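Please look over the sequence and the structure before turning to the notes below.

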Amino acid sequence: MSTHPMASASAPPASAPSDAPDADAVGARRAASLIVLRDGPGGTPEVLLLRRAERDGDMRSGVWVFPGGVLDPQDAGLAGLCDGDTAAAADDRLGVPDALAYTVAAIRETFEEVGLLYAGADTARAAALGERALVNTGADFAALCQRHGLRLDAAALAYHSHWLTPPGMPKRFDTRFFVARAPVGQVAVVDAGEALELAWLTPAQALKKERALKLLPVTRETLKDLGRFDSVAAILADARTRRHPPRMMPRLGCDAAGRVRPVLPREWAYAEIARLDPAGRGDVCFELPADRPVRLSDRVVRVTCGNGSVMTGPGTNTYLVHAPGGDEVTVIDPGPDDAHTEAHLAAVMQAAAPRRIVRIVATHTHVDHSPAARRLAELTGAPVVGCQPAHPQWQDHGFAPAHQPQDGERLVLGTGATLRAVATPGHASNHVCWLLEEEGLLFTGDHVMQGSTVVINPPDGDMAAYLASLDKLLHLPGLRAFAPGHGFLMVEPQAEVRRLIAHRLAREAKVAAALQAAGPATAHRLVPQVYGDVPASRHGIAERSLTAHLLKLVADGRARREGDTWHSLEAPALEASR
């Protein structure tokens, strides 16, 4: 059991992927874009946006974007005219050779599209601005610079971000984004060719739903990033600290109805889409529709139960595992026994066919994971494998396994498919994850859930045991991915485990500090201080994990308990000497 943010409208924490291999950019055109900024009323940053011309077959038709475009062969030749970073320094900052070509392209495209020129002394720049209509190509811009002896003000631009169009799109762009303050004394003017309309807006205004601007995902996400700052100076200062910003490459995914859209790296389904659809067909779902089979590999199918809730997120995942080409299936976590069970088991049986279900495995016996095992066993005659809990509270009381596995025990499913038991007590005393050795894929039940930390509910739940079980995964040989009981595939398992451990230890520190500050206190009294970041409606659930933390402090000799009252045994921190 856990409270799960995927059950609500809350978004996952933003995370940036590592730089993708160069193969991802094959066929993409190199491009550059400049985010032009100015101080609005009260100093609030405003950004210049342009509405692109309406053109048939252009995915950017009519969208609001920042000035920019594709690199021209002439751009690299103008690197010697740039004042600011040396060529070597620019290469190091962007992480690519000939990086100043991107800077030149950003300056050139901004001049062509909106008439702002980051170049030249006043007199030469004024003359060049008067000849804007003559510049349509890189060669034209190079000739303009030569005619007026222009030096390009590359120092005014700070590197901001790197985006790559998703695989599968008909036109792909590998784009570097820069930020710069609008040049003093110049006025942006629409060119009526590339751009139909200009607007200076704060990020919040541009993103306002009522304004209904047509925005690409990259523009929307960049505006969200810019909206974190209260001044242009702060945006530029932050950008100048960035070196090799990770490349952000959305992936095409579809919803349950088949509608395709780009899925961002921070979205829950991103890693699964990248794994199942690297070419960008757009047929991998970014939702988890109930009872729809999803083939994750030639050994694994997932079927999500329709029991979604605040505790279960989108629903409990049931996994069907078999040897490649084999005719026998092992089912992991068949789900609850409730109003959803009949439809869910029908979907599981259909997903298994024509193979036979020969084994039913439960990671643990909480009521959203194991109760359907009885009905599935009746339908198939398959034996149930799993461990009995040490305490009955919140458990599946009808669970009757034919076999209770030992830590490290292997189940051979056929040639090329082996499951190994990994005992992971903590969330539940009987919790067992299962490692599909051939794929390094760990079926985690509720030990690790996507986007959520699980509830540790004493007496069956044990915080010290949970942390030890997490640490155990850091040393698990061959681990490459998680298949959680709730959510999508997770492909950076060690990083996720470290995050969970850090989160739990930080929460423990808050518990210890709150108890020390409060003096003798009940767990109920401590919840608002320790879980102030959690909605009050969930404080009752949070109190369970808080109690687990308190019990760990007692075991560590840092607290003691008298009935429902807890006492800190830690000495107050000494005030720093003055």
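A residue is called buried when its relative accessible area is under 20%, exposed when that area is over 50%, and partly exposed in between. At 46% relative accessibility, K214 therefore counts as partly exposed. The model described here is a predicted one. The chain has 578 residues, of which buried residues make up 53%.

**Overall architecture**

- The chain contains 14 helices and 24 strands.
- Its C-alpha trace spans about 85 × 70 × 45 Å along the principal axes.
- Among contacts in the chain with a separation of 6 or more, 65% are between residues 24 or more positions apart.

**The loop between α5 and α6**

- K214 is placed in the loop that runs between α5 (203-207) and α6 (217-226).
- Leaving aside residues up to four places away in sequence, K214 touches S61, G62, V63 and W64.
- K214 and G62 are 152 residues apart in sequence, yet their C-alpha atoms are 7.2 Å apart in space.
- A212 also lies in the loop between α5 and α6, and A212 has a positive phi of about 55 degrees although it is not a glycine.
- With a relative accessible area of 60%, A212 is exposed.

**Nonpolar cores**

- The largest nonpolar core has 45 residues, and those touching the most other members are L34, Y118, F141, L150, L152, L157 and F178.
- At least two residues of this core come from each of β1 (29-39), β2 (45-52), α1 (87-94), α2, α3, α4 and β6.
- Helix α2 gives the largest share of this core, 9 residues.
- Not counting residues up to four places away in sequence, the contacts of L152 include L78, L81, V104, I107, Y118, F141 and C145.
- A second, separate core is made up of 36 residues, among them L288, C387, A481 and A483.

**Helix α4**

- The buried residues in helix α4 (residues 138-148) are G138, F141, A142, L144, C145 and H148.
- These residues cover an arc of only 155 degrees around the axis, which puts them on the same side of α4.
- The elements covering the buried residues of α4 include α2 (100-114) and α3 (122-129).
- After α4 comes G149, which has a positive phi near 60 degrees.

**Aromatic pairs and charges over rings**

- The count of aromatic pairs comes to 4.
- One of them joins F66 and F177: the ring centres are 6.4 Å apart and the planes stand at 85 degrees, so the pair is edge-to-face.
- This pair links distant parts of the chain, 111 residues apart, with F66 in the loop between β3 (64-65) and β4 (68-70) and F177 in strand β6 (residues 173-181).
- Both F66 and F177 are buried.
- Y159 and F178 form a tilted aromatic pair, at 5.7 Å centre to centre and with 45 degrees between the planes.
- Because Y159 lies in strand β5 (residues 158-164) and F178 in strand β6, this pair ties together parts that are 19 residues apart in sequence.
- Both Y159 and F178 are buried.
- Over the ring of Y102 sits the charged end of R176, 5.4 Å from the ring centre.
- R261 lies over the face of F286, 4.1 Å from the centre of the ring.

- S297 is found in the loop between β11 (294-295) and β12 (300-304).
- S297 has a relative accessible area of 15%, so it is buried.
- The side chains of S297 and E439 are joined by a polar contact of 2.6 Å.
- The S297 side chain also reaches the backbone nitrogen of V300, at 3.2 Å.

**Backbone exceptions**

- Most residues other than glycine have a negative phi, and most peptide bonds are trans.
- D333, a residue other than glycine, has a positive phi near 55 degrees.
- D333 is located in the loop between β14 (328-332) and α9, and D333 is buried with a relative accessible area of 2%.
- A353 and P354 are joined by a cis peptide bond with omega of about 5 degrees, and P354 lies in the loop between α9 (341-352) and β15 (356-361).
- The peptide bond from P458 to P459 is likewise cis, with omega near 10 degrees, and P459 lies in the loop between β20 (441-445) and α11 (463-474).

Notes:
Residues are numbered from 1 along each chain as its sequence is written. This is a predicted model: local features need pLDDT of at least 70, side-chain atom pairs count only at pLDDT 80 or more; totals for chains, interfaces and linings use all residues. Side-chain values use heavy atoms; hydrogens and water are left out. Rings of Phe, Tyr and Trp (its six-membered ring) pair if their centres lie within 6.5 Å; planes under 30 degrees apart count as stacked, over 60 as edge-to-face and the rest as tilted. Helices (H or I, at least four residues) and strands (E, at least two) are DSSP runs, numbered from the N terminus. Buried means under 20% relative accessible area, exposed over 50%, partly exposed in between (1.4 Å probe, protein chains only). A charge sits over a ring if NZ of Lys or CZ of Arg is within 6 Å of the ring centre and within 35 degrees of the ring normal. The arc is that of the directions from the helix axis to the C-beta atoms. Contact means heavy atoms within 4.5 Å. A nonpolar core is a set of buried Ala, Val, Leu, Ile, Met, Phe, Trp, Tyr and Cys residues joined through side-chain atoms within 4.5 Å. A polar contact is a pair of N or O atoms within 3.5 Å; within protein, one must be able to donate a hydrogen and the other to accept it, and residues adjacent in sequence count only if both atoms are side-chain atoms.
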